[in-house]
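Visitor: I am new here and would like to look around with you. May I ask how you know each thing you tell me?
Guide: Please do.

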Amino acid sequence: MDEKHLVARVLARDAEAERAFYEAHVDRVYRLAYRMAGDEALAEDFTQDTFLRAFDRLPGFRGEARLSTWIHSIAVSVILNGLRRVKRRRDRETCVEHPDALGHRNPGPGPETRIGLTRAIDGLTDKLRVVLLMHDLEGYTHEEIAGALGIPVGTSKARLSRAHDKMRRALAAC
Amino acid sequence: MSEDRFDEILRQARETYHRPPKPPREAIWAAIERRRERESPGRRRLPRRRWICWPAAAAAVLVLGIAIGRVWTPAPPPTGIIETETPDAGRGEASALYRLAMERYLGQADALLTRFRAGSPAGEVNGFLSDWAHGLLVETRLLLDSPAADDVELRRLLTDLELVLAQIVQLSGDSRGDQRQWIRDGLEKREIMTRLRSQAAPGDFPKGV
């Protein structure tokens, strides 16, 4: 089933098409959400929110971009907004209860380099981190990243380059 | 730091930084379904619930008819025999309603598709035709969930019309010509106009409709 046909059937509330639409994109959306959040529950929440928003907005999809680009633009927006909310909440909680526990939850004990690497990536701003994770860890092209983030391809390349520079400096300081 | 060393670090990051597990597809889908149902209750049952209107309307017509009959017809002398309504009377009223609704629907669908095939300007597809198609799409779903769709041929036609109407609704003013042509090709390939007109022929409704 091609994209136009699939979209038409989803708009006609065909349950099979809705599921096919979900199956076609869920893996990449979930992987990106997990890479960004580093937490299964958050990744599931972000994936759910992405698809709920996609089903709501599908009548407005005009086919100007590929469906995967369109759904990733929703996913990136959901993930970044969700992470900001989580960070605000965690900051409030850690200020009150655990002043030393600021930062991401994932690193845990492990080799020095691994901790350094995690810190170097976590230390990036979300704008740079999302480009790095999409390109270097998940294999998206700059065209896909640009489409999902609504930025020019050149900006995506520049952000990746800045992310690399910052990581190099952070790793050198370890 | 050398390029090779940095590439090695990025490879390591792929393996270790927030490495995603297999997504719990079924659990996520179930949660999405639950939330969609909660956020718009009866979403999937909408046509079914709306279809309750048909028997209700038929029943209302019957009640009105009986009431008028009782007002205008002199009461018969008491005989001691209790009269009952025959089920056929209700079925006849409902059948007339189905027929009226289906006649109107098929006529509208024919008119819309004829106008679309004639080559509408882009602006019209964006506005008037799109609204018209949207209204007919809702009616199609109601009819698909009604006894009218018990007829196999009519059901196939309604299913094809549902798809075509959804495609027309989706067209925008700046849609490319090949998108419209794609819909026209679909109409030809599935012989929708021929089937539509043969179903719309007077006195040719399926049983019970």
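Visitor: What percentage of the 174 residues of chain A count as buried?
Guide: The figure is 36%. Please keep in mind that this is a predicted model. In chain B, buried residues make up 21% of the 209 residues.

Visitor: How many helices and strands are there in chain A, and in what pattern do they run?
Guide: Chain A has eight helices and zero strands. From the N terminus on, its elements read α-α-α-α-α-α-α-α. Chain B has ten helices, again with zero strands, and its pattern along the sequence is α-α-α-α-α-α-α-α-α-α.

Visitor: What makes R35(A) buried or exposed?
Guide: R35(A) has 24 other C-beta atoms within 10 Å. A residue counts as buried at 20 or more, so R35(A) is buried. You can find R35(A) in helix 2 of chain A, residues 15–37.

Visitor: Which residues is R35(A) in contact with, leaving aside its neighbours within four places in sequence?
Guide: In chain A they are L133(A), L137(A) and E138(A), and in chain B they are H18(B) and P20(B). Take E138(A): along the sequence, R35(A) and E138(A) are 103 residues apart, yet from C-alpha to C-alpha they are 8.6 Å apart in space.

Visitor: Why is H18(B) called buried?
Guide: H18(B) has 21 other C-beta atoms within 10 Å. The cut-off is 20 or more, so H18(B) counts as buried. H18(B) sits in the loop between helix 1 and helix 2 of chain B. Its phi is positive, about 45°, although H18(B) is not a glycine.

Visitor: And why is R13(A) called partly exposed?
Guide: Here the number of other C-beta atoms within 10 Å is 17. Buried needs 20 or more and exposed needs 12 or fewer, so R13(A), falling in between, is partly exposed. R13(A) belongs to the loop between helix 1 (3–11) and helix 2 of chain A. Phi of R13(A) is near 60°, a positive value in a residue other than glycine.

Visitor: How do you know that A109(B) counts as buried?
Guide: By the number of C-beta neighbours inside 10 Å: A109(B) has 25. With the limit at 20 or more, A109(B) therefore counts as buried. A109(B) lies in helix 5 of chain B, residues 87–117. Not counting residues up to four places away in sequence, A109(B) touches L136(B), L161(B) and L196(B).

Visitor: Why is helix 7 of chain A called roughly perpendicular to helix 8 of chain A?
Guide: The axes of helix 7 (residues 142–149) and helix 8 (residues 153–172) of chain A cross at roughly 105°. Angles of 65 to 115 degrees count as roughly perpendicular, so that is the name for this pair. The two axes come within 8 Å.

Visitor: Which residues meet there?
Guide: From helix 7 of chain A come H142(A), E143(A), I145(A), A146(A) and L149(A), and they meet V153(A), S156(A) and K157(A) in helix 8 of chain A. The residues of this contact divide into four nonpolar, two polar and two charged.

Visitor: How many residues does the largest nonpolar core have?
Guide: It has 73 residues, and those with the most contacts inside it are A33(A), A75(A), I79(A) and L165(B). From chain A, this core draws at least three residues from each of domain 1 (1–106) and domain 2 (108–174). Leaving aside its neighbours within four places in sequence, A75(A) is in contact with V29(A), L32(A), A33(A) and T50(A).

Visitor: How many residues does each chain bring to the contact between the chains?
Guide: Chain B brings 27 residues and chain A brings 31 residues. On the side of chain B that touches chain A, helix 1 (3–16), helix 2 (25–39) and helix 8 (152–170) of chain B each supply at least two residues. The residues of that side of chain B divide into 16 nonpolar, six polar and five charged.

Terms used. Residues are numbered from 1 along each chain as its sequence is written. Chains are lettered from A and ligands numbered from 1 in the order in which they are written. This is a predicted model: local features need pLDDT of at least 70, side-chain atom pairs count only at pLDDT 80 or more; totals for chains, interfaces and linings use all residues. A nonpolar core is a set of buried Ala, Val, Leu, Ile, Met, Phe, Trp, Tyr and Cys residues joined through C-beta atoms within 7 Å. Domain bounds come from an automatic or database domain assignment. Two residues are in contact if their C-beta atoms, placed from the backbone, lie within 7 Å. Axes are lines fitted to C-alpha atoms, for helices over the stretch in contact, and angles run from 0 to 180 degrees between N-to-C directions. Helices (H or I, at least four residues) and strands (E, at least two) are DSSP runs, numbered from the N terminus. Angles under 35 degrees count as roughly parallel, over 145 as roughly antiparallel, 65 to 115 as roughly perpendicular and the rest as oblique. Ala, Val, Leu, Ile, Met, Phe, Trp, Tyr, Cys and Pro count as nonpolar, Asp, Glu, Lys and Arg as charged, and the others, Gly among them, as polar.
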